[in-house]
Amino acid sequence: HHERNRGKGAALRTAIAAATGDVALVQDADLEYDPAEFPLLLAPIERGRAEVVYGSRSFAAHSAYSFWFVIGNKLVTLWTNVLFNSYLSDMETCYKLMPLRVWRSLDLRSDGFDIEPEITAKLLRSGHRIYEVPISYAARGRVEGKKLTWRDGVTALWTLSRIRVAP
């Protein structure tokens with residue numbers, strides 16, 4: 001708990017520090033992602049096929065917030081793939097599941113939404129392969145509280161680039 005909203009990144013860092021158990025998964029409170037799909041994300045880890053699992057959204061017409069939101073997501077995902085020679089379909093997904101020891105090894109610093117590209121960039125830079133599984137997604141609009149803007153996309157591109165070239 002934070003006395004005031006310090007951002008998604010700050011909330012994640014606090015949660016990771018307090019978490020117990022073997023693995024941790026991010027779940028935003030807005031329920032755009034369905035908690036009933038947790039077993040889908042855990043299955044590759046249980047089968048020994050993956051250590052880090054992301055839920056990948058398809059952005060079908062009925063589940064996309066807007067055309068520009070989807071294009072922005074595709075752009076930052078493409079930039080991730082170019083910088084890190086990876087082949088992800090949805091870098092900005094909320095659903096990121098991995099062992100707590102991996103979470104804690106990332107030394108996360110971001111306070112806001114730039115935590116998403118920071119997590120992915122640090123995972124890929126350190127040699128982790130990300131396993132993606134398809135998930136459902138029910139996007140909210142601005143009226144329902146969607147906060148991401150084009151500025152977050154620019155920040156994501158900068159965060160990815162900065163981490164890629166960091167010593």
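**Sheet, core and helix packing in a predicted model**

Asp107 is located in the loop that links H4 and H5. In this predicted model, the phi angle of Asp107 is near 50°, a positive value in a residue other than glycine. That is worth a second look, because most residues other than glycine have a negative phi. Asp107 has a relative accessibility of 42% and so counts as partly exposed, since this class covers values between 20% and 50%. Asn85 also has a phi near 50°, again a positive value in a residue other than glycine. Asn85 sits in the loop between H3 and E3. With a relative accessible area of 72%, Asn85 is exposed, because exposed residues are those over 50%.

The strands come next. An open sheet is built from 4 strands in the order E1-E3-E2-E4, and its pairing is mixed. E1 (23-25) and E4 (130-135) stand at the edges with a single partner strand each, so one side of each has no neighbour in the sheet. From one strand to the next, the twist averages 20°. E1 pairs with E3 (residues 96-99) in the antiparallel sense, over 3 bridges. Within E3, Pro99 is the residue that stands opposite Val23. Helix H2 (residues 38-46) packs on the sheet and touches E1, E2 (52-57), E3 and E4. The direction of H2 makes about 150° with that of E4.

Which residues of the largest nonpolar core touch the most other members? They are Met98, Trp103, Ile119 and Leu123, out of 39 residues in this core. Two or more core residues come from each of H1 (8-18), E2, H3 (67-84), E3, H4 (100-105), H5 (115-125), E4 and H6 (150-165). As a general background, nonpolar side chains tend to be buried together in soluble globular proteins.

H5 and H6 pack at an angle of about 25°, and their axes are 9 Å apart. The two helices are therefore roughly parallel to each other, a label given to angles under 35 degrees. The crossing of H5 past H6 is right-handed. Where H5 and H6 meet, H5 contributes Pro117, Glu118, Ala121, Lys122 and Arg125, while H6 contributes Ala156, Thr159, Leu160, Ile163 and Arg164.

Technical notes: Residues numbered from 1 in each chain as written. Predicted model: local features only at pLDDT ≥ 70, side-chain atom pairs only at ≥ 80, totals over all residues. Heavy atoms only, no water. Pairing = 2+ DSSP bridges. Axes fitted to C-alpha atoms, helices over the stretch in contact; angles between N-to-C directions. Contact = heavy atoms within 4.5 Å. Core = buried A, V, L, I, M, F, W, Y, C linked by side-chain atoms within 4.5 Å. Buried < 20%, exposed > 50% of the residue type's maximum accessible area, 1.4 Å probe, protein only. Parallel < 35°, antiparallel > 145°, perpendicular 65-115°, else oblique. Left-handed = near helix turned anticlockwise from the far one by under 90°.
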